[in-house]
Amino acid sequence: MPELPEVETIARGLRPLLEGNRVERADVWRANVVVGPVHVFTRALEGRTIERVGRRAKLLRFDLEGGGVWWTSLRMTGQYLVESGEAGPLPPFARGRFDLESGERLYYVDIRTLGKMGVIGSDAWRARSAELGPEPLERSFTARDLGRRLKATRRRIKEVLLDQRVIAGIGNIYASEALFRAGIDPRTRAHRLTRPAIERLHAAIRAVLKEAIASSGTTFLSYADATGESGSFQRRLRVYDRAEEACRRCGGPVRRIVQGQRSTYFCPRCQRRR
DNA sequence: AACGCGCCCTGTCCGC
DNA sequence: TGCGGACAGGGCGCGT
């Protein structure tokens, strides 16, 4: 699920339920989804009220009253699921349960258990956040800012877009999509991008992320369905997961290549080195 | 310092 | 039908 638009969608969905709600009891039965000892984590949560729900990069952020942040990195298959009313059977792949003062239950569900969560102090959170690149949808993120960051590396642009220290929140889907919209070959070395290309990329990143949020994100996978938030942006994808299919712009075949052990999709005709 | 790779874990899909 | 291998929206931690 989760790149910036999906995490933003999840945060918006959870906000009305969680803000002002208190965690009565926390249980996690898969230790590897928690950073540090599980009992330390659950003890840090129990009795605490969630003041604010937010997002930074692809991290969910639940601010606790009196200080501290409950953060979650959903990685590939992490989800939060809300259950109201009577407790039903345990959802498949549930790894943790959080009983709320309101009587509802929040389940953490994660098939591959690559997700991580923890509770850290506000200072530690700020320090962690400071290591991440700028939020691409904030006003302060300019083409000039992007250009400065891209000049500093010789790596290939697609891989740079995935580096959360350079720019926050972009993952494998939206990296390919933004590069297609900007007409840039994903194999181009970042420092070689021209001024106009950087400006097109800046605009493309913002446009694709905004449109994806407006569609509640991209939902793949047959198994599991989230908090009711299945997005629809998958219908608007132009290259991602479309290997050998016709490019929506020129009709030529979309290509799949591997960069940094991840798939990259692009149209060789529409995306040139500069 | 910057970069590239292996690996964490579980499920699905495809070819033989 | 069964089985092995590739692959999946992420990112840490290691070696060079």
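## Two domains

Chain A of this predicted model is divided into domain 1 (4–130) and domain 2 (143–266), with bounds that come from an automatic or database domain assignment. Taken over C-alpha atoms, the centres of domain 1 and domain 2 are separated by 28 Å. The contact between them (heavy atoms within 4.5 Å) takes 17 residues from domain 1 and 18 residues from domain 2.

Local features need pLDDT of at least 70, side-chain atom pairs count only at pLDDT 80 or more, and totals for chains, interfaces and linings use all residues, while side-chain values use heavy atoms, leaving out hydrogens and water.

## Where the domains meet

Domain 1 and domain 2 bury about 1400 Å² between them, 65% of it on carbon and sulfur atoms; buried area here is the accessible area (1.4 Å probe) that two parts lose on being put together, summed over both. On the side of domain 1, L4, P5 and T9 lose the most area to domain 2, together 31% of what that side buries.

What kinds of polar pairing does the rule find across this interface? There are four residue pairs in polar contact, both residues at pLDDT 80 or more. A polar contact is a pair of N or O atoms within 3.5 Å; within protein, one must be able to donate a hydrogen and the other to accept it, and residues adjacent in sequence count only if both atoms are side-chain atoms. The elements giving two or more residues to the domain 1 side are α1 (4–18) and β5 (78–83), and the largest share, eight residues, comes from α1. Helices (H or I, at least four residues) and strands (E, at least two) are DSSP runs, numbered from the N terminus.

## Nonpolar cores

In soluble globular proteins, nonpolar side chains tend to be buried together. The largest nonpolar core in this model has 39 residues, and those with the most contacts inside it are L150, I157, L161, L201 and I205. Such a core is a set of buried Ala, Val, Leu, Ile, Met, Phe, Trp, Tyr and Cys residues joined through side-chain atoms within 4.5 Å. Helices α4, α5, α6 (172–182) and α7 each supply at least two residues of this core, and α7 gives the largest share, nine residues.

A second, separate core of 27 residues includes A11, V23, W70 and Y80.

Helix α4 (residues 143–151) has A143, D145, L146, G147 and L150 as its buried residues, where buried means under 20% relative accessible area, exposed over 50%, and partly exposed in between (1.4 Å probe, protein chains only). Among the elements covering them are α5 (157–161) and α7 (195–214).

## Salt bridges

The structure holds 22 salt bridges, each a side-chain nitrogen of Lys or Arg within 4 Å of a carboxyl oxygen of Asp or Glu. D63 and R52 form one of them (3.9 Å, N to O), linking strand β3 (residues 59–64) with strand β2 (residues 50–56) across 11 residues. Here D63 is buried at 11%, while R52 is partly exposed at 41%.

E8, R12, R55, R56 and E135 are linked in a network of salt bridges.

Key: Residues numbered from 1 in each chain as written. Chains lettered and ligands numbered in written order.
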